[in-house]
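The report below is meant to be read alongside the sequence and the coordinates. Its headings follow a few topics in turn.

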Amino acid sequence: MKSTAKSSNASAISRVPASELLPERELRRIVDTVLRLAKSTVAEETEVHVDEIANALTRFANNAIHQNVAEHGLTVSIRTVVDSRTARVTTNRIDEDSLRATIEASLSLAHSEPKIPSLLPMPGKQRYSRVNRFIKQTAALSAEDRARAVRRACDLAVKKGQVAAGIYSNGQSQSALANSRGLFAAYRETRSEFSVTMQEDSAASWAKANSADVRAFDPQKLAARAGEKAHLAVNARELAPGRYAVILEPAAVLDLVGFLFYDFAATALADKRSCLNERMGKQLFGQNISITDDVYHPLQQGAPFDGEGLPRQRVVLVDRGIPKNLVYSRAAAKAAHKQPTGHGFALPNEYGEAPMNLVFGGGDSSVEKMVASTDRGLLVTRLWYIREVDPYEKVMTGMTRDGLFLVENGQVTGAVRNFRFNQSLIEMLKNVELLGPAVRATGEEAFEMVVPAMKVHGFHFSEVTKF
Amino acid sequence: MWDLCTNALDTAQLRGAAYADVRVMHLRQRDLTTKNGQVGTLSQSESIGLGIRVLANGAWGFASTDRLTREGVAACAARAVSIAKASALAKRSEVVLAPEQAYVDSWQSPFRKDPFEIPLETQLSLLLAADAEMRRVKGVTLTETDMQFRKIDSWFASSIGSRIHQRKVISGCGIAATSFQGEEIQKRSYPNSFGGQHALQGYELVDSLDLMRNAPIIAEEAAALHSASQCPEKVGTLILGASQLGLQIHESIGHPIELDRVLGQEANFAGTSFLTLDQLNKLQYASSIVNVVADARLDHGQGLGTFAYDDEGVPAQCTDIIKAGKFRGYLSNRETAHLVGLDRSSGTMRTESWNRLPIIRMTNVSLLPGAWDYDELIADTHDGILMETNRSWSIDDRRYQFQFSTEIGWEIKGGKKVRMLKNPSYSGITTEFWNSCDAICRFDHWTLWGTPNCGKGQPMQTMGTGHGASPARFRNVRIGTAFSNQ
């Protein structure tokens with residue numbers, strides 16, 4: 001690969017190579033070294049995670065790049081078990097002396113704690129379904145490629161008298177997980193993301209996409225869409241707070257329902273901090289709500305194994321409004337006399353497990369059809385600073401942001417000042433009237449999921465802000 | 001480490017960088033938690049690497065690596081320069097830095113007990129004992145405790161000749177009791193929610209907390225909240241406990257004064273600010289008894305925003321933010337200082353780690369103590385609600401409209417705390433709220449609280465910030481909105 005180091009002209013622009021990941025055999029070598037070194041210690045069992053990332057991100061504001069970064073890092077995380085005790089130590093030094101010291105540090109930590117009678121032996125060798133989420137075009141995207149795309153978005157803003165801000169990022173990562181009982185799992189993927197805010201006068205709007213495949217979205221189209229909505233958002237008028245019908249675009253749905261994910265952890269129910277305590281098997285949501293955790297869905301990302309190396313299973317969490325199943329780590333499954341579902345976090349931890357790949361069932365509507373069906377309501381682009389007010393009723397508060405529009409008689413008629421909401425998610429998912437097709441959504445509060453746009457009646461806005 | 005720094009700077013300048021600064025950082029962390037009498041997390045980590053920021057062709061580039069060989073560092077520096085040149089493809093103006101001197105210095109934060117030298121058994125046994133104290137209380141369904149310790153060494157070098165080594169030791173500790181009953185989850189935390197208190201201190205911080213005395217108190221309060229009255233919805237007098245006021249300062253003063261937000265650099269993510277440049281020295285931000293500073297100096301206290309130099313090589317400073325209620329200052333860096341008429345950065349560039357770019361961050365943004373004794377403040381309040389310990393927080397992306405809820409409230413009638421209230425919340429508009437402040441407690445009620453989890457930047461960085469506060473009173477505040485259902 002051509003190196004920028006060969007350039008002798010200080011002002012010349014040469015292609016910045018994307019940082020490359022180590023070959024999988026190198027990860028195996030690190031894993032084997034750790035397991036070999038651990039054999040000469042008192043460790044009864046050893047688990048090792050190797051994680052490597054190579055990411056780059058170009059950030060722009062005021063129609064220019066103002067930050068532009070790249071990083072490379074590799075960590076080795078070692079968990080040992082001795083005399084029914086376990087502890088984890090992580091390092092980014094991979095020479096043999098450092099790895100030996102990390103094993104010893106893990107044993108030293110473990111020796112300091114009381115015995116854990118419920119500690120399970122590590123799992124043995126597993127079989128995994130293959131998923132392919134490493135796209136070489138994403139990995140190869142260079143700083144110049146990102147800069148040129150950003151320049152085009154900024155030029156578009158300048159042409160329209162607007163101001164652009166956002167990011168364009170790409171990266172690649174890989175993980176290997178192994179233990180002394182013969183388990184070995186490895187995974188690599190790419191990620192790319194473009195997010196843009198277009199500002200016009202005091203108004204703004206926003207668009208964002210995220211995919212393993214950088215070819216799955218067009219930064220120019222996203223910038224154009226944000227620009228058009230920013231223009232529509234000018235001259236926002238103030239409405240009284242109250243209950244409104246809302247049309248939530250997928251990003252707004254994601255950032256709300258994303259707060260539900262941990263409630264489906266068996267450990268959260270055992271700890272009595274889930275909103276599903278005493279509600280499993282009951283008609284909690286509307287019959288049009290079904291939720292599955294499915295890492296294998298084509299719009300999802302992430303490794304097909306969990307923090308202990310168990311294969312992730314597809315789990316139906318909500319079927320036609322009824323919470324049906326939870327996800328279980330090995331320890332939670334044993335305590336509940338269930339089978340583990342492959343959703344455990346790396347041990348030791350106090351949270352157990354969580355579904356990380358939520359997929360909502362969609363419908364045959366669309367944002368356009370939802371607008372057309374609405375006599376009076378609000379179209380919500382995105383939400384901001386969402387926090388939990390009541391953990392059992394799942395009341396969330398937050399603000400609308402970057403484009404809130406009034407819908408009257410089936411048409412968008414103007415922009416509205418941003419509202420604060422205080423809304424129960426349980427109530428919201430009872431009040432869903434229409435669903436669009438489920439898409440890979442990306443916001444800022446929750447990790448990416450597959451969710452539809454929704455039309456919801458009776459959404460509670462409690463206060464209004466000044467813009 | 002200095003050889004690595006020199007190697008990086010030399011390579012960057014050879015490749016065409018007009019300016020470069022480099023940080024080698026070694027971070028060590030220990031995390032301990034318990035849950036329901038069992039050890040939860042028991043882990044330690046260390047990370048060492050190098051990050052270099054360069055100016056080339058009038059634009060910024062940054063690259064980081066954990067390959068700390070001569071070749072690895074040189075490749076990283078060369079990459080940063082190439083990225084800067086790519087940035088120049090979409091620049092509108094040249095970056096100009098405010099002048100700053102070169103410093104050669106070494107500094108270590110003061111501590112009495114190195115937390116990494118305290119036996120782990122001692123630390124775990126204290127957490128398990130506090131956990132057990134909470135579980136003794138009937139009605140408590142979940143108990144949690146935690147300790148977190150960090151030791152951070154950083155070696156900063158710049159092309160103007162600075163060579164600064166800093167070592168920071170940070171400790172954090174907290175406990176929490178949760179009670180699920182009927183259709184309600186109630187929680188109490190000590191000494192603060194979301195991980196307790198955090199400070200630039202050693203294990204003496206843990207010693208000072210007296211977990212064993214406070215564990216049964218919060219456990220009993222968590223259980224008692226179920227039978228407490230609901231906080232009413234009204235407009236009235238509000239007294240905030242010091243830790244909640246610390247978060248109020250963080251969200252409604254600390255973030256809006258960040259000059260990168262004001263200038264639109266965070267418009268896509270963290271948001272902008274209502275404090276546009278025309279407001280400086282004009283806006284009546286707060287009532288005349290309110291004085292707020294951003295103070296990174298050790299003189300201010302051992303907070304999460306205390307250091308000797310920021311991550312741009314600028315010495316720690318104290319900046320007036322609000323003086324007698326008037327808006328007086330922003331948080332700036334070398335790139336933005338001239339935009340507000342300053343000839344020097346206010347020293348607020350901070351980075352989470354070697355692999356992150358320094359950005360403008362709060363230091364210790366603190367409300368200076370007032371004149372009131374706490375008991376006299378309560379006695380002086382005819383009809384009000386005292387709210388303590390944060391439960392949720394939210395504010396719009398320009399930092400006008402906020403809503404907070406707390407774990408517990410107390411109704412005050414005729415100068416006395418008369419009954420416990422559950423689910424308290426309040427909301428308002430930032431400047432209206434701060435202008436309604438009519439009493440602030442004295443220094444003997446003042447604590448420099450640590451907020452360890454402030455997220456900002458892309459890629460996201462988590463930073464610790466400090467917020468000194470003592471209890472204070474606010475009039476005509478909207479109370480109870482979070483649980484209203486109109």
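## Model and confidence

The structure is a predicted model, and chain A averages a pLDDT of 95, with 96% of the residues scoring at least 70. Residues 1-16 of chain A have a pLDDT below 50, and beyond near neighbours in sequence this stretch has 39 contacts in the model.

B:Cys231 is in no disulfide, and the nearest cysteine sulfur, that of B:Cys437, is 19 Å away. B:Cys231 is buried, its relative accessible area being 4%.

B:Cys437 also counts as buried, at 4% relative accessibility. The cysteine sulfur closest to that of B:Cys437 belongs to B:Cys441 and is 9.9 Å away, which is too far for a bond, because a disulfide would require the two sulfur atoms to lie within 2.5 Å.

## Salt bridges

A search of the whole structure finds 74 salt bridges over all chains. In one of them A:Arg79 pairs with A:Glu47, and the closest N and O atoms are 3.3 Å apart. A:Arg79 lies in strand 2 (residues 64-82) of chain A and A:Glu47 in strand 1 (residues 45-61) of chain A, so the pair ties together parts that are 32 residues apart in sequence. A:Arg79 counts as buried at 2% relative accessibility, and A:Glu47 counts as buried at 0%.

A further salt bridge joins A:Glu249 to A:Arg225, where the closest N and O atoms are 3.4 Å apart. This pair links distant parts of the chain, 24 residues apart, with A:Glu249 in the loop between strand 7 (242-248) and helix 6 (250-257) of chain A and A:Arg225 in helix 5 (residues 219-232) of chain A. A:Glu249 is buried, with a relative accessible area of 9%, whereas A:Arg225 is partly exposed, with a value of 38%. In the salt bridge between A:Arg215 and A:Asp213, the closest N and O atoms are 2.9 Å apart; here A:Arg215 is exposed, with a relative accessible area of 53%, while A:Asp213 is buried, with 19%. Salt bridges also link A:Glu193, A:Lys208, A:Arg382, A:Arg401, A:Asp402, A:Glu444 and B:Asp397 in a network.

## Helix 5 of chain A

The 14 residues of helix 5 of chain A should span 20 Å at 1.5 Å a residue, and its end C-alpha atoms are 20 Å apart, which agrees. At the start of this helix, a side-chain oxygen of A:Asp218 reaches to within 2.9 Å of the backbone nitrogen of A:Gln220.

In helix 5 of chain A, the residues A:Pro219, A:Leu222, A:Ala223, A:Ala226, A:Gly227, A:Lys229 and A:Ala230 are buried. The buried residues of this helix pack against helix 4 (143-159), strand 4 (163-179), strand 5 (184-200), strand 6 (203-211), strand 12 (376-390) and strand 13 (395-408) of chain A.

## Helix 2 of chain A

For helix 2 (residues 96-111) of chain A, the 16 residues should span 22 Å at 1.5 Å a residue, and the end C-alpha atoms are 23 Å apart, which agrees. Its buried residues are A:Ser98, A:Leu99, A:Thr102, A:Ile103, A:Ser106, A:Leu107, A:Leu109 and A:Ala110.

The elements that cover these buried residues come from chain A and chain B, and they include helix 1 (24-39), strand 2 and strand 3 (85-91) of chain A, together with strand 1 (19-35), strand 2 (38-56) and helix 3 (120-135) of chain B.

B:Met349 lies in strand 14 (residues 349-350) of chain B and counts as buried at 3% relative accessibility. Leaving aside residues up to four places away in sequence, B:Met349 touches B:Arg53, B:Asp310, B:Asp311, B:Glu312, B:Asn333, B:Pro358, B:Ile359 and B:Ile360. From C-alpha to C-alpha, B:Met349 and B:Leu32 are 30 Å apart in space, and they are 317 residues apart in sequence.

B:Thr363 is placed in the loop between strand 15 (359-360) and strand 16 (365-367) of chain B, and at 2% relative accessibility B:Thr363 counts as buried. With residues up to four places away in sequence not counted, the residues that B:Thr363 touches include B:Ala294, B:Asp295, B:Ala296, B:Gly305, B:Phe307, B:Gly347, B:Thr348, B:Arg350, B:Thr465 and B:Gly466.

Note on methods
Residues are numbered from 1 along each chain as its sequence is written. Chains are lettered from A and ligands numbered from 1 in the order in which they are written. This is a predicted model: local features need pLDDT of at least 70, side-chain atom pairs count only at pLDDT 80 or more; totals for chains, interfaces and linings use all residues. Side-chain values use heavy atoms; hydrogens and water are left out. pLDDT is the predictor's confidence in each residue, from 0 to 100. Contact means heavy atoms within 4.5 Å. Buried means under 20% relative accessible area, exposed over 50%, partly exposed in between (1.4 Å probe, protein chains only). A salt bridge is a side-chain nitrogen of Lys or Arg within 4 Å of a carboxyl oxygen of Asp or Glu. Helices (H or I, at least four residues) and strands (E, at least two) are DSSP runs, numbered from the N terminus. The expected span of a helix is 1.5 Å times one less than its number of residues. A polar contact is a pair of N or O atoms within 3.5 Å; within protein, one must be able to donate a hydrogen and the other to accept it, and residues adjacent in sequence count only if both atoms are side-chain atoms.
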